[in-house]
Amino acid sequence: MDAYGEMASPEEFIDNLWRGYTEDLRRRSPFAHRIFMFMVRHGFGIIMRAFFTTMAILYFVFVFGIVIPFESLYKPRWIVIIGSAVAVYLYFNVVFYFIMASITGPGNPKKNPHGNAGCKVCLKSKPPGTHHCSMCGACIIKMDHHCVWINQCVGAGNHRYFFQLLVSLTTSMLLLLTLGYNTFYNNYTRNVFSYCAGGFDHLFWSEFICNDYGVWVANITQVLFFITVVIWFLMGGFCVWNCFIISYGTTYLECLTHFRTIFNSRPSFDQIKTNWQIFLGLSRGRSFWTHILLPSFHVCERYGEEPVTPDEEMLSVVVH
Ligand SMILES: [Zn+2]
Ligand SMILES: [Zn+2]
């Protein structure tokens, strides 16, 4: 029986699926199983980080080498300056929050001092909202989901970083689609070398993007347009979803089996506000302007800085 008085446990369902698959693989080929487990624990993380770094460099070169110079031919100077400043800010945020979400532990419960372990697999105590992740091989406090991009779970310790990564990604893609519209549109309608029709001669890389690799640059621009739309759409949807679960003080995993109970709980405005303050760690004099809008390393003390033992404390941050 859990915090909601219901028998079903979301991670039991996922764990059964996961074990069914991995045990089956182990039986058929221990070697393939070992390779698979290595890929799950380390390999995917390396591939995803390499992919993220490649995309981050590509976007940086594209935005600052092509979009901004090209858009400045069409737009008033002040829009270009403000847009570029916001782009630098968002770019820094995306990189910062990706790194922080990847290297900050999601939070593991301590061994239960009374000996009556909550988790059957790792024998750790299980405050409400804690679930065992088969991929990490550990219990995670307020586990949201296991994310292959950051190669670990999103839990109490790194959920704020993860959420701010989503927000930064969504807003940066939106900024690129709105202020960089001319770049994509001209490239698409006039096809190759559209940047080079005029005004690019002063850039020392104009030869590179106009002559040497003009076709490549034009094709990559079209691909980036579609990637930008897809990222914006998916991350935007993910942001909206996260806003819902943060407002309700819950997690995705809890919603898997308790959605109706959570949705019907209808928290008051004050409860929603408290849930956001807890989630963002806005206590001990921290402010939204300096600790959320500016990159900050703080962790919410309810989850991270203080030892996690009392179940009552965790209960207060689950659904009200
Ligand atoms: Zn466990
Ligand atoms: Zn995990």
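Which residues does A101 touch, not counting residues up to four places away in sequence? The contacts of A101 under this exclusion are I150, N158, Y161, F162 and L165, where a contact requires C-beta atoms, placed from the backbone, to lie within 7 Å. The structure is a predicted model, in which local features need pLDDT of at least 70, side-chain atom pairs count only at pLDDT 80 or more, and totals for chains, interfaces and linings use all residues. Residues are numbered from 1 along each chain as its sequence is written, while chains are lettered from A and ligands numbered from 1 in the order in which they are written.

The protein chain contains eleven helices and four strands; these are DSSP runs numbered from the N terminus, with helices being H or I of at least four residues and strands E of at least two. Of the 320 residues in the protein chain, 30% are buried. A residue is termed buried if 20 or more other C-beta atoms, placed from the backbone, lie within 10 Å of its own, exposed if 12 or fewer do, and partly exposed in between. Among contacts in the protein chain with a separation of 6 or more, 63% are between residues 24 or more positions apart.

A101 is also one of the residues with the most contacts inside the largest nonpolar core, together with Y97, I140, F162, L165 and L166. This core has 36 residues, a nonpolar core being a set of buried Ala, Val, Leu, Ile, Met, Phe, Trp, Tyr and Cys residues joined through C-beta atoms within 7 Å. At least two of its residues come from each of α2 (30-71), α3 (77-103), β2 (138-140), β4 (152-154), α4 (159-179) and α7 (214-247). The largest share, ten residues, is supplied by α4.

The unreviewed UniProt entry lists residues 46-66, 78-100, 161-181 and 223-244 under "transmembrane region"; UniProt positions are given in the numbering used here, feature names are shortened, and annotations may be inferred rather than shown by experiment. In the model, residues 78-100 are 100% helix and 0% strand, with end C-alpha atoms 33 Å apart. Residues 223-244 are likewise 100% helix and 0% strand, and their end C-alpha atoms lie 32 Å apart.

P106 is located in the loop between α3 and β1 (131-133). P106 counts as buried because it has 28 C-beta neighbours inside 10 Å. Beyond four places in sequence, P106 touches I140, M143, Q152, C153, V154, G155, A156, G157 and N158. A distance of 8.5 Å separates the C-alpha atoms of P106 and K142, which are 36 residues apart along the chain.

Most residues other than glycine have a negative phi. N151, which is not a glycine, has a positive phi of about 60 degrees. N151 lies in the loop between β3 (145-147) and β4, and is buried, with 20 other C-beta atoms within 10 Å.

Helix α8 (residues 252-264) has 13 residues, but its end C-alpha atoms are only 16 Å apart, short of the 18 Å that a straight helix would reach at 1.5 Å a residue; the expected span is 1.5 Å times one less than the number of residues. A bend of about 105 degrees occurs in α8 at H258, taken as the angle between axes fitted to the seven residues ending there and the seven starting there. H258 is also one of the buried residues of α8, the others being L253, E254 and I262. Just after α8, R266 takes a positive phi of about 40 degrees although R266 is not a glycine. R266 is placed in the loop between α8 and α9 (269-280), and counts as exposed, with 10 C-beta neighbours inside 10 Å.

Definitions and conventions
Two residues are in contact if their C-beta atoms, placed from the backbone, lie within 7 Å.
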